[in-house]
Amino acid sequence: IRAARATKEIMVTLVLTDPVLPSRNTFVKKLVKLHPEITTIVVNVNDRNTTMVLGNRETVVYGKGYIEDVLCGKRFRISSRSFYQVNPLMTEKLYNIAIDCAALSGRETILDAYCGIGTIGIIAAPHARRVIGVELNADAVRDAQHNIHMNGLTNVEILQGDATRFMEDLAAGHRDISSPDIDVIFMDPPGSGSTEEFMRAACAVRPKKIVYISCSPWSLQRDLEYLTQNGYEVRKAVPVDMFPFTGGIETVCQMVRTNS
């Protein structure tokens, strides 16, 4: 179940091992009658024996197949397989801290790696010259491109692809993004952290600042050790309690390029 705090829209995703849901129409009617606040229902099929919750096949059985929410004054479309923070109240605090750490003047070109549905980049866009987002998940990219238009932005571009490969191509000069200088990199990798290949390429691109958003102190420690040994120093680290009463915590780190 995914709920939007601002719009009150609710999405229910049923994860099944088989695409056939017996008496589907009756089930949907009864569920919506019991809970009229539900705005969309999606059937997702995952028949693989993996740790992934969601599969690649899905069918919208009620409503429009996505919900919309508002973060930091921007509106976002969220589909069932797109990542979205589960605590929107603290997410606003998290993203505002990250953008403050970037100390944007309006002249910067930003690279938003692992950008998801484009939340950070879209929120930062009014304070920057240009934003380039990179995301592997095709569903998230579609949501992100819709979100750009929905918010009336003309300085944001979302590209589908692996963030590490994109960064390596950029460092090697193999990718033309019409602007060779990246001033700020926002990194918001999964819990396993970034890859050494990505960080090596990021250091080669030499942005003035790296803003690292982490949900795992353990992978963050490992990645900060690499970055601080390769031309960057941590100026600020702010913990954000995204998951109260659990051991999980998000951390925003401001890293600045040194002269060495």
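Asn-137 sits in the loop between strand β8 (130-135) and helix α4, where helices (H or I, at least four residues) and strands (E, at least two) are DSSP runs numbered from the N terminus. The model is a predicted one, in which local features need pLDDT of at least 70 and side-chain atom pairs count only at pLDDT 80 or more, while totals for chains, interfaces and linings use all residues. Residues are numbered from 1 along each chain as its sequence is written, and side-chain values use heavy atoms, with hydrogens and water left out. Asn-137 has a relative accessible area of 26%, so it counts as partly exposed; on this scale buried means under 20% relative accessible area, exposed means over 50%, and partly exposed lies in between (1.4 Å probe, protein chains only). Its C-alpha atom is 8.9 Å from that of Asp-162, a residue 25 positions away along the chain.

Ala-103 is found between α2 and β7 (109-113) and, with a relative accessibility of 43%, is partly exposed. Leaving aside neighbours within four places in sequence, Ala-103 is in contact with Glu-108 and Lys-209, contact meaning heavy atoms within 4.5 Å.

Turning to the whole chain, the protein has seven helices and 13 strands. For 260 residues, a compact globule would have a radius of gyration near 18 Å, and the 19 Å of this protein agrees with that; the radius is taken over C-alpha atoms, and the globule rule is 2.2 Å times the number of residues to the power 0.38. The C-alpha trace spans about 65 × 40 × 40 Å along its principal axes. Of the 260 residues, 50% count as buried. Among contacts with a separation of 6 or more, 65% come from residues 24 or more positions apart. The accessible surface comes to about 13,100 Å², and carbon and sulfur atoms account for 51% of it; these areas come from the Shrake-Rupley method with a 1.4 Å probe, and for residues only the protein chains shown count as cover.

Four of them form an open sheet with mixed pairing, in the order β1-β2-β3-β4, two strands being paired if DSSP finds at least two bridges between them. The edges are β1 (2-3) and β4 (57-62), each of which pairs on one side only. β1 and β2 are antiparallel over two bridges, and Arg-2 has Met-11 of β2 as its bridge partner. Six residues separate these two strands in a hairpin, and Lys-8 in the turn has a positive phi of about 70°. Met-11 also has a bridge partner in β3, namely Thr-40, within the parallel pairing of β2 and β3 over seven bridges. β3 (residues 38-45) then pairs with β4 in the antiparallel sense over five bridges, with Asn-44 opposite Glu-58. Helix α1 (residues 24-34) lies across β2 (10-16), β3 and β4 and runs at about 60° to β4; axes are lines fitted to C-alpha atoms, for helices over the stretch in contact, and angles run from 0 to 180 degrees between N-to-C directions.

Another open sheet has seven strands in the order β9-β8-β7-β10-β11-β13-β12, again with mixed pairing. Its edge strands, β9 (156-160) and β12 (232-240), each pair on one side only. Neighbouring strands of this sheet are turned against each other by 15° on average, direction ignored. β11 (residues 209-214) and β13 (residues 250-257) are antiparallel over six bridges, and Val-211 stands opposite Gln-254. Helix α7 (residues 217-228) packs on this sheet and touches β11, β12 and β13, its direction making about 165° with that of β11.
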